[in-house]
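Hi,

Here is the model I promised to pass on. Have it open while you read, and my notes follow below it.

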Amino acid sequence: MNFQSKIAASGALALLLTACAPAGTPAAVAPSSGELVVYTSRSEALIKPAVQAFNVAYPGIKVTVLTGKVGELAAKIAEEANAPKADVLINTDTLIMASMAASGAFQPNASASVMGVPERYRAADGAWTTLTLRPRVIIYNTALVKPEELPNSVLQLTDAKWKGQVGAADSTNGAMMAHIAALRKLEGSDKAEAFVSGLVANETQFFGGHTDVRKAVGAGELKLGLVNHYYYHLSKAEGAPVGIVYPDQDSYGLLVNSTNAGIVKGAPHAAQAALFVDFLLSKEGQKVFAEVNFEYPIVEGVALAKDVPPLSNFKLADVSFKALIEERAAAATMAQKAGLP
């Protein structure tokens, strides 16, 4: 059953007009028309299903999506501060999200949906909130790598036997930078810098995003790739010969990052923006992220996609988003020094 058929078959999205109304907004005056402008660093394939689902529930709201690198979008929002054009930012970089919130780029959002997200996964005033969680994993080409050869730690990607055979995202990628920040916190600055330097020295192929990494591994151009978990499931669904390693179970544990959303301060379509964020945090919106993108919902009670193991199966790294935010500047400086493009 295709995506549109799944949505149509549910027959329940119309009921969300009441459930998704922003806190304090009577359902009778919830916006059912108008416009919404979304800036996002997510690839179109990963954000489009959620936008389509929103439009099924609210067909009168025209949604315009602008995609780009997270740093570029953050700069664009700052440039437009006196006359905002964006209503919502959805990105994959908690570090930049928190930094932007600290500078006043987002407006507080105390809707029941946002406040229902665990506090460790959002700003205290709701200026930004996590939408989904994504653990960091290693994918591999099953035709090129035997199970007994696989690394069990991300740190082993610098091993000489993988020279020129590993793919990873570059310094423009939020998940990669959060990973480096986490390593600094967990392993110390020297070991984290040695890891990044080791990747560079080992002729790791760096890409602007994880889609290119997973496609290179699936095509046999590379043996291994450092990605977020759902890229494995996307490749597997396409029939690519890929396997997955949930690394560092014998040491500090699995690292987890997030996708996030915030309503831009002065958003020209603030009511529609609040409705959109609430929809993404509704069970129907979370179901789209889980079923179509294979992500981990931030809302409890939403089933995972088939073959996606619960996070409770793994040892998770003991590092908070707050700690990652505190490490952001130092991690960026260190990555640059280590030669990460």
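The lining of the largest cavity divides into five nonpolar, two polar and two charged residues. For those classes, Ala, Val, Leu, Ile, Met, Phe, Trp, Tyr, Cys and Pro count as nonpolar, Asp, Glu, Lys and Arg as charged, and the others, Gly among them, as polar. The residues in question are R136, V154, H179, P247, D248, Y252, G253, L254 and L255. The volume of this cavity is about 40 Å³, and the structure holds one cavity of 30 Å³ or more.

Before going on, a word on the source: this is a predicted model, in which local features need pLDDT of at least 70 and side-chain atom pairs count only at pLDDT 80 or more, while totals for chains, interfaces and linings use all residues. Residues are numbered from 1 along each chain as its sequence is written, and side-chain values use heavy atoms, with hydrogens and water left out.

Then there is the largest pocket, with about 330 Å³ of space. Its lining has 22 residues, and S41, R42, S43, N173 and G209 are the ones nearest its centre. By class, that lining has five nonpolar, 14 polar and three charged residues. Helices α7 (174–187), α9 (210–218) and α10 (229–237) each supply at least two of the lining residues.

How I use the two words: on a 1 Å grid over the protein atoms alone, a cavity is a set of points where a 1.4 Å probe fits but cannot get out, and a pocket is an open set with protein on both sides within 12 Å along at least five of seven lines; lining residues have an atom within 4 Å of a point. Points are joined across faces, edges and corners, and a volume is the space filled by probe spheres set on them.

Now the strands. Five of the seven residues of β1 (residues 34–40) are buried, so this strand is largely enclosed by the rest of the structure. (Buried is under 20% relative accessible area, exposed over 50%, partly exposed in between, with a 1.4 Å probe and protein chains only. Helices, H or I with at least four residues, and strands, E with at least two, are DSSP runs numbered from the N terminus.) β1 pairs with β2 (residues 61–67) in the parallel sense over seven bridges; two strands pair if DSSP finds at least two bridges between them. E35, for one, has K62 in β2 as its bridge partner. From β1 the chain crosses through helix α3 (residues 44–57) to β2, a right-handed β-α-β crossover, meaning that with the strands pointing away from you, the path from the first strand over the helix to the second runs clockwise. β1 also runs parallel to β3 (residues 88–91), joined by three bridges, and there Y39 is partnered with L89.

Which residues of helix α4 (residues 70–79) are buried? They are V70, L73, A74 and I77.

G126 lies in the loop between α6 (112–115) and β4 (129–141) and is buried, at 4% relative accessible area.

Cheers
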